[in-house]
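User: I should like to learn how to read the features of a protein model. May we go through them in turn?

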Amino acid sequence: MTTSKFDLQTRFLNEIIESGRVVTIYTTNGVPLKCKIIGHDNFTILIDSKGQQQMLGKGAISTIVK
C-alpha cells in the first residue's frame with residue numbers, strides 16, 4: 001500500500017499550467033472563458049484572459065475543457 005496522496009484536481013491543473021495551452025472554463029452560470037491557467041490553490045484559479053489576470057473561485061467553475 002502506498003502512502004502518497006493521489007490528487008486528480010492538482011495533477012490536472014498542473015498539467016495544463018505546464019503545457020501553457022489555452023483552455024475553456026465554463027462558469028456555473030454558463031459563461032465560457034478562453035484562457036490560460038497560470039496558478040491555483042485550494043480555493044482559487046488564477047487565469048490570463050486576453051492579457052488580463054483574473055482570479056476565479058473554484059466554486060464558480062462548472063467545467064474545464066482542454
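Analyst: Let us begin with charge, for which a definition is needed: Lys and Arg count as positive and Asp and Glu as negative, while His and the chain ends are not counted. This is a predicted model. Its protein chain has 8 positive and 5 negative side chains, and the centres of the two sets lie 6 Å apart.

User: Which elements does the protein chain contain, and in what order do they run from the N terminus on?

Analyst: The protein chain has 1 helix and 5 strands. From the N terminus on, the order is α-β-β-β-β-β. Along its principal axes, the C-alpha trace spans about 45 × 25 × 20 Å.

User: How should I read the helix, and what span should helix H1 have?

Analyst: An α-helix has 3.6 residues a turn, so residues three or four places apart point the same way. In this structure, H1 covers residues 8-19, which is 12 residues. At 1.5 Å a residue, H1 should span 16 Å. The end C-alpha atoms of H1 are 17 Å apart, which agrees. Just after H1, Gly20 takes a positive phi of about 70 degrees.

User: Which residues form the largest nonpolar core?

Analyst: The largest nonpolar core has 12 residues, namely Leu13, Ile16, Val23, Ile25, Leu33, Cys35, Ile37, Ile45, Ile47, Leu56, Ile61 and Ile64. At least two residues of this core come from each of H1, strand S1 (23-27), strand S2 (32-40), strand S3 (44-49) and strand S5 (61-65). The most is given by S2, with 3 residues.

User: What does Ile47 touch, apart from residues up to four places away in sequence?

Analyst: With those residues not counted, Ile47 touches Ile25, Leu33, Cys35, Lys36, Ile37, Ile38, Gln52, Gln53, Gln54 and Leu56. Among them, Ile25, Leu33, Cys35, Ile37 and Leu56 also belong to the core.

User: Is Thr44 buried or exposed?

Analyst: The cut-off matters here: buried means under 20% relative accessible area. Thr44, which lies in strand S3, has a relative accessible area of 18% and is therefore buried. Leaving aside neighbours within four places in sequence, Thr44 is in contact with Met55, Leu56, Gly57 and Lys58.

User: What can be said of the protein chain as a whole, in its buried residues and its accessible surface?

Analyst: Of the 66 residues in the protein chain, 27% are buried. The accessible surface comes to about 4,800 Å², and 53% of that surface belongs to carbon and sulfur atoms. Among contacts with a separation of 6 or more, 36% join residues 24 or more positions apart.

Notes
Residues are numbered from 1 along each chain as its sequence is written. This is a predicted model: local features need pLDDT of at least 70, side-chain atom pairs count only at pLDDT 80 or more; totals for chains, interfaces and linings use all residues. Side-chain values use heavy atoms; hydrogens and water are left out. Helices (H or I, at least four residues) and strands (E, at least two) are DSSP runs, numbered from the N terminus. Buried means under 20% relative accessible area, exposed over 50%, partly exposed in between (1.4 Å probe, protein chains only). Contact means heavy atoms within 4.5 Å. Accessible areas come from the Shrake-Rupley method with a 1.4 Å probe; for residues, only the protein chains shown count as cover. The place of a charge is taken as NZ of Lys, CZ of Arg, CG of Asp or CD of Glu. The expected span of a helix is 1.5 Å times one less than its number of residues. A nonpolar core is a set of buried Ala, Val, Leu, Ile, Met, Phe, Trp, Tyr and Cys residues joined through side-chain atoms within 4.5 Å.
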